[in-house]
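Let us walk through a protein chain together, step by step. Have the structure open beside you as you read.

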Amino acid sequence: MKPLLAWYFVAVWGAGYVATKIGLHYAAPFTFLTLRFAFGLACLAPVVLLWKPRWPSSRAELRHLATAGIFMHPVQLGASHYAQYLGMSAGVAALVISCQPLLTALIASRFLREKLRPGQWLGIFVGLAGVALVVWHKIDIREVTPANLACTLVALGGVTAATLYQRTFAAGADLKAASVIQFAVALLVLAPLSLTVEGFHVQWAWPMWGAIAFLVVFASILAVNVLYYLLRHGAATRVTSMMYLPPAFAAALEAALFGLVPSKLTLFGMAIACAGVAMTVWTPRWNSSTSSR
């Protein structure tokens with residue numbers, strides 16, 4: 001079951017790059033994200049009415065969920081979207097954010113007592129090299145500025161902090177309640193920014209709504225919850241190593257939808273990235289110290 005969920009996450013997260021690219025043609029980053037999370041709360045409303053979630057029982061639990069949500073949504077998505085809005089090359093952004101497994105491994109081995117074998121450390125670097133090959137044709141260093149590079153680094157820090165914080169402080173939270181709380185917090189942060197920074201200007205079109213629907217239902221609700229579920233039942237480094245694969249999947253999807261045929265270098269990079277993930281996650285059993293609790 002866990003391998004199927006892992007591949008679902010990879011497919012949806014990769015497709016999310018393409019959906020975001022479409023959506024940002026019609027609205028600026030904060031405005032697009034405001035619409036995304038408002039629509040997300042509308043989708044979750046009937047779910048929590050029909051299937052009652054277990055709401056946080058204390059202020060501390062509520063605070064932990066809200067904090068993880070801020071890292072995952074306004075910080076990570078807001079910063080990565082705004083980096084592209086400021087001219088950051090998609091290849092450079094993907095390469096920087098794909099350093100997450102390496103950053104997670106460093107933090108987890110130092111503070112979360114996750115011991116990695118030499119082969120797993122090698123797999124982390126092999127996977128990163130594979131991602132570099134996949135996005136190499138999109139990398140344009142001339143488009144990197146201090147502002148968009150800073151946004152990309154903030155996005156990297158946000159997604160790393162979100163996964164580790166949720167796993168450490170809110171691992172037992174009800175995922176439906178967590179989604180509602182984190183969407184609401186994201187909306188409270190992003191809506192004022194969309195009004196004051198961007199003037200909430202939108203070109204209303206069906207492709208934008210299609211992108212929002214896909215990103216809300218399949219990415220923000222299902223894929224994020226799959227990620228949190230896998231983090232509960234697997235070591236953080238092994239789970240986050242999957243982040244190497246979405247750029248490869250996105251390249252394959254672009255080829256299918258837009259006729260952008262991947263080069264031999266891109267195909268070779270996909271194979272290398274898959275090999276790196278396999279080296280990182282390969283253990284006799286996919287479990288961790290938290291999975292038996």
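Here is a short tour of the chain, from its overall layout down to single residues.

**How to read the model**

This is a predicted model: local features need a pLDDT of at least 70, side-chain atom pairs count only at pLDDT 80 or more, and totals for chains, interfaces and linings use all residues. Residues are numbered from 1 along each chain as its sequence is written, and side-chain values use heavy atoms, with hydrogens and water left out.

The score pLDDT is the predictor's confidence in each residue, from 0 to 100. The chain averages 82, and 82% of the residues score at least 70. Among the elements, helix 8 has the highest mean pLDDT (95), while helix 10 (residues 236-240) has the lowest (59). Over residues 284-293, pLDDT stays under 50.

**The overall layout**

The chain has twelve helices and zero strands. Helices (H or I, at least four residues) and strands (E, at least two) are DSSP runs, numbered from the N terminus. Contact means heavy atoms within 4.5 Å. Of the contacts in the chain with a separation of 6 or more, 92% are accounted for by residues 24 or more positions apart.

Buried means under 20% relative accessible area, exposed over 50%, and partly exposed in between (1.4 Å probe, protein chains only). Of the 293 residues in the chain, 50% are buried.

**Two nonpolar cores**

A nonpolar core is a set of buried Ala, Val, Leu, Ile, Met, Phe, Trp, Tyr and Cys residues joined through side-chain atoms within 4.5 Å. The largest one holds 45 residues, and Phe9, Phe32, Phe37, Leu190, Met208, Ile212 and Tyr228 touch the most other members. Helix 9 (206-232) is among the helices that each supply at least two residues of this core, and helix 9 gives the most, with 14 residues. Leaving out residues up to four places away in sequence, isoleucine 212 touches Phe32, Leu35, Arg36 and Phe39. A second, separate core has seven residues, including Ala66, Ala170, Ala173 and Ile181.

Where does helix 3 have a kink? The kink, of about 30 degrees, lies at isoleucine 70, shortly before proline 74. The bend at a residue is the angle between axes fitted to the seven residues ending there and the seven starting there. Helix 3 is followed by glycine 87, whose phi is positive, near 105 degrees.

In helix 6, the buried residues include Gly123, Gly127, Gly130 and Val134. An α-helix has 3.6 residues a turn, so residues three or four places apart point the same way.

**Two loop residues**

Phenylalanine 200 sits in the loop between helix 8 and helix 9. Its phi is near 50 degrees, a positive value in a residue other than glycine. Phenylalanine 200 counts as partly exposed because its relative accessible area is 30%.

Lysine 52 is found in the loop between helix 2 and helix 3. Is lysine 52 buried or exposed? At 64% relative accessibility, lysine 52 counts as exposed. The C-alpha atoms of lysine 52 and lysine 176 are separated by 8.6 Å, although these residues are 124 residues apart along the chain.
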